[in-house]
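Subject: Structure handover

Hello,

Here is the structure we discussed, with notes on what was found in it. Please read them with the model open.

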Amino acid sequence: MENPTSTIDVSFLNYIKERSYKESLHIEGGIPDYAFATDYALRQKLKAIPGIYSFFKAVTSQIVPERKQKLNMNSLKVGPSQYPEIYDMTKDCARILGIGIPTVFIEHDLSVMNAYALAWEDSEPVVILTSSLVERCTPMELKAIIGHECGHIHNNHGIYNVASEILISNTLGRISFPQQVAMLLSSSITFALQAWSRAAEVTCDRAGIICCGDSAPTIRVHGKLASGAMINGVSINIDELTNQYETFRNTPVRLMELYSTHPVSVRRILAAKEFIHSEVYYDWHPEQKQPGQNLYSKQELDSRCDKFVSVLKSEKKD
Ligand SMILES: [Zn+2]
């Protein structure tokens, strides 16, 4: 019987060659070509705050190692023979973006649909999916989510992302320590971290769309996140959901979002719809290109997305 792996190229050199080729194709000035410009600009501002990096590093290195041990103890580690479908989609996302394969854990939490990445330069990247999310998403939706989390790794969101998960999103909030540390942050630093985090989410939604080769799964996920589930199997009408956005667009209520690390679902849906009409998307998926398509340049894409995502500008969709 023929060895089934005999046709697979397992040469490490070829892997490196292919990976560096991909990186050089899609990396501009040290950052991925699809990264939302506001993400980079706000991250530079964050980095410029004196002492912020060492503060975040001290907090994360205190909490994350313990967190990882708990994951190993209490959660399911995805692998080739444990949820192989999820492992394969993770492998595929990592291959497309040109990063190492992160370790994925499924965490027992039926109360909230959530996913997050713990990754920075000193630490092996880990992606966590709650059981509620795994249960309620289709395979393509899960791939969009895993691609999104791989986007955090690909864009070196690293310590800032982990800090916002710990200190603000309260993802790791079962530990009381983060809340006490969060109180030490001045409100201007908290605002800066939250504003950056919202922009970083747009970048990573784009990574998920690239990994799926389609924006529909990402858009459906945001619909599900808005409602918390697929209730009674009824699929969400995305157009109705975007119309709902019009009702708060010009009201002061929207300013509450300034306190959030994630843009509201509708803004993310609008930004995802823009991305699929951009040159940069088709640079990743030239096979989908149709003759005569009118595509946004990267600059046009980012300024259009900025209008949707920015809480203060909050312009009308067209
Ligand atoms: Zn994210």
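One cut-off is needed before the notes: a residue counts as buried if 20 or more other C-beta atoms lie within 10 Å of its own, as exposed if 12 or fewer do, and as partly exposed in between. Please also keep in mind that this is a predicted model.

Most residues other than glycine have a negative phi. Tyr-83 has a positive phi, near 50°, and is not a glycine. This residue sits in the loop that runs between β3 (76-77) and α4.

Asn-156 is another case: its phi is positive, about 50°, and it is not a glycine either. Asn-156 belongs to the loop between α6 and α7 (158-168). Asn-156 has 17 other C-beta atoms within 10 Å and is therefore partly exposed.

Overall

The protein has 14 helices and six strands. Of its 318 residues, 39% are buried. Among contacts between residues at least 6 apart in sequence, 69% join residues at least 24 apart.

Helix α4

Helix α4 covers residues 84-97, which is 14 residues. At 1.5 Å a residue it should span 20 Å, and its end C-alpha atoms are 20 Å apart, so the two agree. Its buried residues are Ile-86, Met-89, Thr-90, Cys-93, Ala-94, Ile-96 and Leu-97. They cover an arc of only 165° around the axis, which means that they lie on the same side of α4. What covers them includes β4 (103-107), α6 (139-154) and α9 (187-212). After α4 comes Gly-98, with a positive phi near 80°.

Helix α9

How many of the 26 residues of α9 are buried? The number is 21, so α9 is mostly covered. Gly-213 follows α9 and has a positive phi, near 70°.

In soluble globular proteins, nonpolar side chains tend to be buried together. The largest nonpolar core here has 72 residues, and the members that touch the most others are Ile-145 and Cys-150. Helix α9 gives this core its largest share, 13 residues. Setting aside neighbours within four places in sequence, Ile-145 is in contact with Ala-115, Leu-129, Leu-133, Cys-137, Gly-208 and Val-221.

Strand β6

Strand β6 is made up of residues 123-130. Six of its eight residues are buried, so the strand is largely enclosed by the rest of the structure. β6 runs parallel to β4, and five bridges join the two. In that pairing, Thr-103 has Val-126 of β6 as its bridge partner. β6 also pairs with β5 (residues 115-120), in the antiparallel sense and over five bridges. Here Trp-120 is bridged to Ser-123 in β6.

Regards

Definitions and conventions: Residues numbered from 1 in each chain as written. Helix = DSSP H or I, 4+ residues; strand = E, 2+ residues; numbered from the N terminus. Expected span 1.5 Å × (residues − 1). Arc of directions from axis to C-beta. Contact = placed C-beta atoms within 7 Å. Core = buried A, V, L, I, M, F, W, Y, C linked by C-beta atoms within 7 Å. Pairing = 2+ DSSP bridges.
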